[in-house]
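Please consult the sequence and the structure while reading.

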Amino acid sequence: MLRKHGMIVFAENNTWRRTMSQVEYSTRSKKYHHIQESERKCIERLKRQGLSNTEIGRILCRHWSTIGRELKRNMVEQRENVQTYSKSINVPLYRTVQRYYHDSAQRLYQERRMNTGAKCKLAQCADFVQFLERKVLGPEKWSIDAVVGYAKRHQMFPVIPSTKTVYNWVDAGFLRIRNIDLLLKVRLKGKKRARVRKRILGRSIDERPDCINQRNEFAHWECDGIIGKGQKGHLLTLVERSISYGIVWDAKDRGADKVVTFLLELRREYGELFSGVFKSITFDNGPEFSSAEEIENKGGITAYYAHPYSSYERGTSENWNGIVRRFLPKGMNLTDLAPNILVRINRYINQLPRKRFGYKTPEELFEKKLSDIINSAKLSSSVATCCT
């Protein structure tokens, strides 16, 4: 009786059968693992019993092709005497046969495993290493690639490693050459770590009320900028979080006073409705949004600032800018845009049906919000008149 992988295999009268300890199981086995010595013993025993590769694979929970490859790789050739009563001289005394033995198969497997993987060529190219160090550290001051290329071109050594391999040896400290000895490598600038902005521009987004985060209340906006080719030209986009209604405005440049000018124009346009339409704006940490005090004092609106390098906190404005980029792709000059172009872009985006609003347009929702604000203002004024 053999036990393998939760299976019990019985041998009765040279007939092999198996039973499952579990008919259904959810344990996920490995996609592939090497044949073990215990399995090789089973293969040898079962092969002598005359079982096919398919039957052996079924017993060991292996594919039949795996068993076939194992036998093909590790078969050994043997001679055996020919038992015959014939007196003919043409009958051979022995014949060659292929047999499988688990011990020889395990030994061959271990030898192959020892030869796997790339081996270090450092010991095989000692002459090249001396030539390399002489050229790099000597008065010539050759680069590593120049030495390798020169040696390969003139076939100076039987084994010449690649340039990348030599650089790896330098980094690992296998050679007398160090990185400081390489003229160009020390001049290369490494990857800069992301700079953490230490200056706090204004009120953090962490202080933003939950009603704004959940988009349950109207009149809370996100503001972002779009830069033109060569850092010239600048557009400001203002998008409402709950209904995705947006406004695009040509700011000309990235001056910190442009946002305040934009808000003052909106105040003149909406008049008494401004405080009901614009309650807060969330900015990123760009220099064009740095005048937080003027935004709140002159603009009359609460300003929040997202965390640095966290554009996902202003996903509404990022998506809105993506639609604007359909008409004004990156690399386009934004310095001399006609006013009607921005009006058409603004109208197109606000009249685009949105699935999350039941395919209503942001323009419809914005007009409904405005009418509600106007009606509430009329109602409050009428109540105040009645009270007086």
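## Accessible surface

The accessible surface of the protein chain comes to about 25,700 Å². Carbon and sulfur atoms account for 50% of this area. The model is a predicted one.

## Overall organisation

The chain has 388 residues, of which 35% are buried. Its secondary structure consists of 14 helices and 11 strands. Among the contacts with a separation of 6 or more, 55% are between residues 24 or more positions apart.

## A salt bridge between Arg176 and Glu133

The whole structure contains 17 salt bridges. One of them joins the side chains of Arg176 and Glu133, with an N to O distance of 3.2 Å. The two partners are 43 residues apart: Arg176 is in the loop between helix H7 (163-172) and strand E6 (203-204), while Glu133 belongs to helix H5 (residues 126-137).

Arg176 is classed as exposed because its relative accessibility is 55%, above the cut-off of 50%. Glu133, at 11% relative accessibility, is classed as buried, since buried means under 20%.

Asp224 lies in strand E7 (residues 220-227) and Arg314 in the loop between strand E11 (302-305) and helix H12 (315-327), so the bridge ties together parts 90 residues apart in sequence. Both Asp224 and Arg314 are buried.

Arg314 also forms a salt bridge with Glu318, and their closest N and O atoms are 3.3 Å apart. The relative accessible area is 5% for Arg314, which is buried, and 30% for Glu318, which is partly exposed. Through shared partners, salt bridges join Asp224, Asp284, Arg314 and Glu318 into one network.

Technical notes. Residues numbered from 1 in each chain as written. Predicted model: local features only at pLDDT ≥ 70, side-chain atom pairs only at ≥ 80, totals over all residues. Heavy atoms only, no water. Helix = DSSP H or I, 4+ residues; strand = E, 2+ residues; numbered from the N terminus. Buried < 20%, exposed > 50% of the residue type's maximum accessible area, 1.4 Å probe, protein only. Contact = heavy atoms within 4.5 Å. Areas by Shrake-Rupley, 256 points an atom, 1.4 Å probe, with all protein chains shown as cover. Salt bridge = Lys/Arg side-chain N within 4 Å of Asp/Glu carboxyl O.
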